[in-house]
Structure formats: C-alpha cells, structure tokens
Amino acid sequence: MQFGKGPAWLDHAVFYEIYPQSFLDTNADGIGDLEGIIQKLDYIRSLGCNAIWMNPCFESPFGDAGYDVSDYYSIAPRYGTNRDMQRLFEAAHSRGIRVFLDLVPGHTSIEHKWFRESCRAERNAYTDRYVWTNDNRETPGNMGYLRGISERNGTCAFNYYSFQPALNYGYYQPDPEKPWQQSMDAPGPQATVHEMESIMRFWLDMGCDGFRVDMAMSLVKGDPDEEGTIRLWQHFREFYDREYPDCALISEWGNPEHSLRGGFHMDFLLHFGPSHYLDLFRGPAPYFSRQGNHSLRAFMEKYLEYARQAGDTGMICIPSGNHDMDRMARHLSQDEMKLAFLFLMTMPGVPFLYYGDEIGLRYLENLKSKEGGYQRTGARTPMQWDHTTNAGFSQAAPHKLYLPVDTSSDRPTVEEQEADPDSLLHTVRTLIHLRLQEAALGNRAGFELVSDALPLVYKRGTDAGKVIVILNPSMEPICWNARGTLLYQQGDVEPDGHDGWRLESGAGCILRVL
Ligand code: NOJ
C-alpha cells in the first residue's frame, strides 16, 4: 500500500517543539500555560518556524510529564481550558503556524476512568480496553505487568512506566493457547481504535493540524515484525486522507521503512536504536565538536538506507533535540552549535527545533527528577527570555517554579541574543529563512552525499537549481574543490585560488552551483 505525500504545507514545514510546562507562565503559578504559548507565537514565527509540536497537555496525574493521560478530551487545568486551546489554534493559524498535539495511543494513566472500570470484576464497556490475562498468576509474556491492584482476576501489561497500562489493539497472531490474547479484529481492540479516532477527530475539528504519535510502534502486541501495527496505522492514515487531508501525523517510531509504510507523513530519527543520531551532536565524540570523531560514515549509511526506503512519500526528520535527551549545549559550544544548525537547516526532511536550542539553552545538571523525567529533567528547564525575574519565564517565587531556571551569570537569553547580530539565535533564524526561500534547500529537494568525513559535503537541489553545502567542524582549515557562488557563509570562507574554497576551523558555507 502506497500513500501520497499528504498536505502540500509539509513541503515547507519547520517545527518548533514546546514542552508546555517550561515555556512561559502567565499566571504566576510557576508552570507554563497555553496563554504563554499564545503570547510567544510572534517570536516563534520570527524564527521562521511555521508549525509547533506541543508535548501532552491533557488531563493527567503527570507521573510521566503528561504521557500518562487520564482524560484525552480535556486540557489539564494547569495549562488552561479547552477554550484556551481553541484560542491557541486560532491565534497560531492567523500567523500561518500549524499546531500538532501529542497523542499517546499506547497507554493511559492508571487513573484513567477506562482503567478503573477495566479493573472491575464485573464485565463492562472497558473490560477489554487494556491487555489483560485471565488469571493473576499468568503474565502477558515479555512485557512489564501490573498485578494485584484489581478486583478482576488477571494481570495487565504496561508499556513504559508501571502506571501506564497498555491499551488493547489486539495481537497480530494471537496464541490459541492463550484465549486472553485478542485478535486485532475483535470487538475490544476495535473499540480502542474507534476511541482513538474520536479523540483525534475531537481535536482536529477544534483546529488541531495533526499529531506527534508517542511510541507509535508499540500498539499491536505479539507483533515482532510490526506488520500488525503497520496495518493499524494504515487504517488511521486512510481516516486522515478521507476526513482530514490537510492534517498530518509524525511518529516516534525510528524506523521509516515501517512507519512510512504505515502511512505516517513523517518519522523522527531517534536518539536510541540504529540511527546513529547521537553521533551528530551528542555521544562521546560528536561530529560537530572540534574534538569530535570527524566521520559521519555510520550515520550517513543508515540515513541513506532510510532515505531509499522512504522514497518520495514520507519524510525523515532530524531534531535538534527533544524532551527525552540531554541538550545539544551540553556537548557543543555556541560556535559549534551554529555549524550544527547549518547542517540541520540544510538537510532534507522536516526540521524540528526543540525550544531553547536556538539560544543554546543548557542542560541543568543534578536536578531532582521531575514528573518521571530522571536524566531527562535537565533538558526540560524553563525557557530563558530576558534579564527579569526567573529569566522572564514566570513571576512566581523561584522555589515555586516547575523546574529551576539556569542561574549562571552567562546564561543565554533571547533578549541578549536578539541584540547581538552574531548570536546563535540570529544564525538559526537566518538559516530557517534561507531554507524557506531557497527551493534547493526545501524539505523534499534532492540530497546527494559527496563526503562524509572532513569536510562534510552534500548537494541539495531540484531541477530548477542546486546548492552544495560544505562544513568544517575540525580544528584545522580545509580546502575543498567546488565551483559556485557563495550563497551563505559561517565563519571564514574564502576562494582558495584553485577553483575551490578554504574553510577555516569551524566554518561552513552554502554555494550555488550550476
Ligand atoms: C516517549 C515520550 O517522548 C517520553 O517522554 C515518554 O516518557 C514515553 N514515550 C512514554 O510515553
């Protein structure tokens, strides 16, 4: 089954990921809110970003920062109301910004009323909503499970933390010896599918433009080759093509061959699994560090394999970071990050910028885990806007903040970087605008790798025009033969007098070629 490319706006999309807890608090309770996002839409637009992905903002006990939903149809009061979300959609659309919410279809919170009902001994509408065995001594195979918390006799599989019971989409090939393993077509799994459609429809009708889908690969159980899960997503994609053709889906899957076949419009490179994503900006010796390992061979081999599998339908997206990994700024200096962004904003696919990375927001060390964040907590701290109280994030007393603000005297802020034409912020903004103007740098423009070591060199382009990107992250100057005119430069880049260019340490450029 081959799906189309989806809405045309995706060809020019640049996303900004917002962790709502930490963006802007407008009611001084120490936690970010929807009104705060509305107030910063002009800022987001000024960066050139034309789409937002917000981490979950539905009702939740927040054991996992909202990835433990207790009501998919209501905005968590700490962020505002459903009406505020509608205002956010409207305000974003009036500025040409699309809004994606985070859908968590694989599991709920144990506090969800579906789960409470599902735990009851009497059969009811939610008995088959989760993956249960029929006896509390029988476990659901190679998954974590909850036991002893229900009057119902059985154990229930969970997906991530032990308070996130797995919703039931059935088993790809149910084991006849285990009658509790339901087929994908059984009424219980079908009701779950139907409910997820209703949830999506609810928000899409209100103005939402699509969803980032959490653990999209996790839905169907007993599905080692993911064929059942792929079939399930094909069903959802048909639903989009039929009812919401201008909306889109991006998966947390990390396997474009599967996710795009499943009908996702986009898939992320993940910081775990086989992608070698960490080789770029993190890991022990990231490519974009001056001291790094200056070969991207392993990354590029995998990337090109993914790109071949993706063909010309869905897109592979490279994020600057996200709420699950540490910050780029923990590994790279501001100058190194500039070159990293030159790479990010010239690669194919839809770029994803994690809030704060545009100013080099730091990873705060040694924080106590917040809402199940553990090692991720330091990458979820408040955005730093200016020099006022709490860096402009909140008027609350510092001890009331969701997470502490970086207190170092040289902490980056938007205000300071706005005033400095050489700042990372200006570089990121310039690069995004350049990407949007130059068809050759477009999300779907061609990609041809020329060198995966030093310098990193690749061509991008369409029939109408081509560019070549040359990046030198090393300590030494490098010369590279390439004819073309300079479209953009970062650091010192000069003609070398022999049909080539000399790039000083840390420099990069984009050439227009014939
Ligand atoms: C992936 C999300 O990005 C992460 O933050 C969450 O903890 C898990 N999925 C579980 O939903």
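## The ligand and its shell

An oxygen atom of the ligand sits 2.5 Å from an N or O atom in the side chain of Asp324. Keep in mind as you look around that this is a predicted model. For Arg212, an N or O atom of the side chain is 3.0 Å from an oxygen atom of the ligand, and for Arg376, a polar side-chain atom lies 3.1 Å from a ligand oxygen. How much of the ligand does the protein bury? On its own the ligand would expose 300 Å², and the protein buries 98% of that.

Let's meet the rest of the neighbours. The ligand is surrounded by Asp64, Tyr67, His107, Tyr160, Arg212, Asp214, Met215, Glu252, His323, Asp324, Arg376 and Arg380. Sorted by type, the residues of this shell come out as 7 charged, 3 nonpolar and 2 polar.

Next, find Gln21, in the loop that runs between strand 1 (15-18) and helix 1 (34-39). Is Gln21 buried or exposed? Its relative accessible area is 0%, so Gln21 is buried, the cut-off for that being under 20%.

The side chain of Gln21 has polar partners to look for. One is Tyr79: the two side chains are joined by a polar contact of 3.1 Å. Another is the backbone oxygen of Ala65, which the side chain of Gln21 reaches at 3.4 Å. If you skip its neighbours within four places in sequence, Gln21 is in contact with a list of residues including Ile31, Gly32, Phe62, Arg78, Glu371, Phe393 and Tyr402.

You'll find Ala65 in the loop between strand 3 (58-59) and strand 4 (71-75). With a relative accessibility of 1%, Ala65 counts as buried.

Glu226 also has a positive phi without being glycine, this time near 65°. Its loop connects strand 8 (210-213) to helix 6 (227-243). Why does Glu226 count as buried? Because its relative accessible area is 18%, and buried means under 20%.

Then there's a peptide bond to check: the one joining Leu454 and Pro455 is cis, with omega at about -10°. Pro455 belongs to the loop between strand 13 (446-452) and strand 14 (456-462).

## Nonpolar cores

Now for the greasy parts. The largest nonpolar core has 141 residues. Which of them touch the most other members? Those are Tyr16, Met54, Leu101, Trp203, Phe211, Phe288 and Phe343. There is also a second, separate core of 11 residues, and among them are Ile468, Val493, Leu503 and Leu511.

## A look at Met337

Last stop: Met337, which you can find in helix 10 (residues 334-344). Met337 has a relative accessibility of 2%, so it counts as buried. Not counting residues up to four places away in sequence, Met337 touches Met328, Ala329, Leu332, Gly360 and Leu424.

Met337 and Val428 are 91 residues apart along the chain, and 9.5 Å separates their C-alpha atoms.

Conventions. Residues numbered from 1 in each chain as written. Predicted model: local features only at pLDDT ≥ 70, side-chain atom pairs only at ≥ 80, totals over all residues. Heavy atoms only, no water. Near = heavy atom within 4 Å. Polar contact = N/O pair within 3.5 Å; in protein donor to acceptor, adjacent residues only side chain to side chain. Areas by Shrake-Rupley, 256 points an atom, 1.4 Å probe, with all protein chains shown as cover. Nonpolar A, V, L, I, M, F, W, Y, C, P; charged D, E, K, R; others polar. Helix = DSSP H or I, 4+ residues; strand = E, 2+ residues; numbered from the N terminus. Buried < 20%, exposed > 50% of the residue type's maximum accessible area, 1.4 Å probe, protein only. Contact = heavy atoms within 4.5 Å. Core = buried A, V, L, I, M, F, W, Y, C linked by side-chain atoms within 4.5 Å.
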